[in-house]
Every structure is written in structure tokens, then in C-alpha cells.
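Okay, thanks for coming, everyone. Let me put the model up on the screen, and then I'll walk you through it.

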Amino acid sequence: MSENIRRRYNEYVRTAAPGDFLSQVRRTLDGKPVPAEQVELIVDRILTGLLLVGEDTVLDLCCGNGVLSDRIFERCLGGTGVDISDELIAVAHENFERLPERRYIWSDVVDYVQNAQLDREFTKAFCYGSLPHLTDDAVQTMLAELRRRCPTITRAFIGNLPDKAHMMEFYYEDAYVPGMEDDPETSMGIWRTQDEFSALAESAGWSAELLNISPGYYAAYYRYDAILTPNP
Ligand SMILES: C[S@@+](CC[C@H](N)C(=O)[O-])C[C@H]1O[C@@H](n2cnc3c(N)ncnc32)[C@H](O)[C@@H]1O
């Protein structure tokens, strides 16, 4: 478990106004929560990317405080969200948990996928805005275990990945520190090219379809999404 990442997100919860769910997960632009239409774009991308249907049960890997998870869980049989920040999970418990359908668990995602007793049959999974906080080894282990232990998952959506090929369009020259693109504990986490991410997914038993994001989304110029389907 990355103690630094847990602490960082706990701190975001403490410094955001109570009920400001977007700032708690740092979904902000110029220090303010992103506009509601941007959140709608994200929710639509996840729903479409997952081809979500009412009979699905969803695993949200790195769910934060549940502000996105709930929008997905309400459209199907429900799901389980897992996150390393105990304070974000406390917010999820207080505001979004509806047992037994919508459940939130405090855990490192790799540990959860590897070791937890999985008492629901997940059919879809997603990880939004969070994968860059995992090292290559952690991503590889998590995806391989997801494939092995959740064979009923037919589709996974990995969203909002920062594209190393567009990194210098994001950083001002003096804000960039060499090597920061490989550090999972920075606010942006690890930047990966689309090819690097595809290779990681392939090595864990998944095929990746990479998707550019429509320009209406505020971070489209340096981020991409991916849809994973299990390799036979
Ligand atoms: C930018 S937030 C996104 C949260 C949520 N997916 C959303 O989009 O609203 C990144 C999240 O990743 C979580 N996280 C980072 N590393 C993790 C790990 N190893 N296991 C579980 N959660 C992790 C953080 O605690 C944080 O909630």
C-alpha cells in the first residue's frame, strides 16, 4: 500500500469543503471543481465504454469517494468500489453506500484483486483517473489477477490516462522536472504512451482498444481512455 498516496488523498478530503466531492478527488480546474457538464461527459464515456446494461455488476478500482461510482452503480445491479484512502471511503460510506447493492471497501486495489474474498460476480470493471498512481508491476499484477479471479468480467474501462507523447503540452517548461513522468506519487502519476499501456494490458491477458477523447473534454489534449477485453 502506498502510504504517501493514502495521505495525499486524505489531505484533499480535509482541505475541501464538506460535500465538495469533486475537490476531494482533485477533479478541479484552476482550483475549482470542474463544471457539471464535464462530469456528465465522463459518466457518459464510462457508460458507453463499458456497454453497461441493467444486469451488470461493476467493480470500481480506485473509486475515491464514490462520486462517479454511484452514477454507474445506479444504472445497473450495483457494484463495489475500492480505494486506498480511508477518508475518501468514509465519505463514500456516508453519502453513497446502499447495501447490499452499492458497497465501498477500504483497500489497496492490487491487494483487493489478489486476496479479497470476491463474493459478487462482477461483469464489468473500471478505473478512472487513478491508474497512473500504480507502478507497471502493480498494473500488471492487478490486471492479471482481475483476469484470473474475475472471469465473468467481459469489459473494463480504464479512463483518463495521461499520454507521455503529449506531456510537454501539459507542463510548462519550468514546471517539468525530469523523471517526474515515472513517479506514481506525483499528482499526475506515471505518464504512459498508448503503446506502453497496450503492452502492459497485453502482458496481463487483455486486449486494449485506445480511444482519443472528444475535444469538449477539458483534458482531451493530453489524455486518452482504454477499453480492455479479455484475450482468449
Ligand atoms: C484522482 S482520484 C480518482 C477517484 C475516482 N476514480 C474518481 O474519478 O472520482 C485517484 C484515486 O486513486 C486512489 N488510489 C491511488 N492508488 C491506489 C491504490 N494502490 N489502491 C487503491 N486506491 C488507490 C486514490 O486514493 C484516489 O482516490
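**Starting at Asn160**

Leaving aside neighbours within four places in sequence, Asn160 is in contact with Tyr128, Gly129, Tyr217, Arg223, Tyr224 and Asp225, where contact means heavy atoms within 4.5 Å. Quick housekeeping: this is a predicted model, with local features needing pLDDT of at least 70, side-chain atom pairs counting only at pLDDT 80 or more, and totals for chains, interfaces and linings using all residues. Residues are numbered from 1 along each chain as its sequence is written, and side-chain values use heavy atoms, with hydrogens and water left out.

Back to Asn160, then. You'll find Asn160 in strand 7, residues 155–162; helices (H or I, at least four residues) and strands (E, at least two) are DSSP runs, numbered from the N terminus. Is Asn160 buried or exposed? Asn160 counts as buried because its relative accessibility is 5%. The cut-offs there, with a 1.4 Å probe and protein chains only, are under 20% relative accessible area for buried, over 50% for exposed, and partly exposed in between.

Which side chain makes a polar contact of 3.0 Å with the side chain of Asn160? The partner is Tyr217. By polar contact I mean a pair of N or O atoms within 3.5 Å; within protein, one must be able to donate a hydrogen and the other to accept it, and residues adjacent in sequence count only if both atoms are side-chain atoms.

Now the backbone of Asn160. Its nitrogen is reached by the side chain of Asp225 at 2.8 Å. Asp225 belongs to strand 9, residues 223–230, and counts as buried because its relative accessibility is 0%. Beyond four places in sequence, the contacts of Asp225 include Arg45, Phe157, Glu209 and Ile213.

Most residues other than glycine have a negative phi, and most peptide bonds are trans. Asn160 has a positive phi, near 70 degrees. Cys62, not a glycine either, has a positive phi of about 70 degrees. Cys62 sits in the loop between strand 3 (57–61) and helix 4 (69–73), and counts as buried because its relative accessibility is 16%. Then there's a cis peptide bond between Leu99 and Pro100, with omega about 5 degrees. Pro100 lies in the loop between helix 5 (86–95) and strand 5 (102–106).

**A look at Ala204**

Ala204 is in the loop between helix 9 (194–203) and strand 8 (206–212), and counts as buried because its relative accessibility is 4%. Setting aside neighbours within four places, Ala204 is in contact with Gln140, Leu143, Ala144 and Arg147.

**Zooming out**

Overall, the chain has nine helices and nine strands. Its radius of gyration is 16 Å, which agrees with a compact globule, because 232 residues would give a value near 17 Å; we take the radius over C-alpha atoms, and the globule rule is 2.2 Å times the number of residues to the power 0.38. The C-alpha trace spans about 50 × 45 × 35 Å along its principal axes. Of the 232 residues, 53% are buried. And of the contacts with a separation of 6 or more, 68% come from residues 24 or more positions apart.

That's my tour, thanks.
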